[in-house]
Amino acid sequence: MTKSIIYIILYAACNVSGAAIIKFQLRGSTLSIWKEWYRLLFNLNFIIAFSLIVISALFLFKALSTNQFSLVIPIATGINFILTTAVGYFLFQDRLSMLSYLGFILIISGVFILSVNNHEYVK
């Protein structure tokens, strides 16, 4: 289980980092004209961000190879959501509602329950 969690955390970190870099690149841009698309797609930061997202997929594939699909995907989704929410809050000043906090708590609880419940079935 430990290997799976490490790969899942690496997946989420790369995925969210790549998305955050792209979000920074999109500041002030609406992507409404081809020139903005061209500027985005051929920007070194975008290429790095896209590479991080591809690498994140590779970490997810590795996590899937080490454990059950029904365990890896929910945990990966939960950790990815938690990290995305934290980055949105701290880097982009996204506002969180009470439902967001409740969802955050439920996700953490769900990841914990899945981890404990499936611990004896892990390879």
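This is a predicted model: local features need pLDDT of at least 70, side-chain atom pairs count only at pLDDT 80 or more; totals for chains, interfaces and linings use all residues.
Residues are numbered from 1 along each chain as its sequence is written, and side-chain values use heavy atoms, with hydrogens and water left out.

Now the overall picture. The chain has 5 helices and 0 strands, and from the N terminus on its elements run α-α-α-α-α; helices (H or I, at least four residues) and strands (E, at least two) are DSSP runs, numbered from the N terminus. Along its principal axes the C-alpha trace spans about 55 × 35 × 20 Å. Among the contacts with a separation of 6 or more, 78% are between residues 24 or more positions apart.

Let us move to the inside. Of the 123 residues in the chain, 27% are buried, and here buried means under 20% relative accessible area, exposed means over 50%, and partly exposed lies in between, with a 1.4 Å probe and protein chains only. In soluble globular proteins, nonpolar side chains tend to be buried together. The largest nonpolar core has 11 residues in all, namely I8, Y11, A12, L60, A63, L71, V72, I75, A76, I79 and V111. A nonpolar core is a set of buried Ala, Val, Leu, Ile, Met, Phe, Trp, Tyr and Cys residues joined through side-chain atoms within 4.5 Å. Helices α1 (2–25), α3 (44–66) and α4 (69–92) each supply at least two residues of this core, and the largest share, 5 residues, comes from α4. If you look at I8, you will find that it touches A63, V72, I75, A76 and I79, not counting residues up to four places away in sequence. There is also a second, separate core of 5 residues, which includes I22, L31, L40 and F46.

Two threonines deserve a look as well. T66, in helix α3, is buried, because its relative accessible area is 18%. The side chain of T66 makes a polar contact with the side chain of S4 at 2.8 Å; a polar contact is a pair of N or O atoms within 3.5 Å, where, within protein, one must be able to donate a hydrogen and the other to accept it, and residues adjacent in sequence count only if both atoms are side-chain atoms. T85 lies in helix α4 and is buried too, with a relative accessible area of 13%. Apart from residues up to four places away in sequence, T85 touches L96 and F104.

Finally, the outside. The chain exposes about 8,300 Å², of which carbon and sulfur atoms supply 71%, and these accessible areas come from the Shrake-Rupley method with a 1.4 Å probe, where for residues only the protein chains shown count as cover. On the surface, W34, W37, Y38, L41 and F42 form a nonpolar patch with about 680 Å² of accessible area together.

Methods:
Contact means heavy atoms within 4.5 Å. Patches are made of residues with over 30% relative accessible area and no salt bridge: like charges are joined within 9 Å, nonpolar side chains (Val, Leu, Ile, Met, Phe, Trp, Tyr) within 5 Å. A salt bridge is a side-chain nitrogen of Lys or Arg within 4 Å of a carboxyl oxygen of Asp or Glu.
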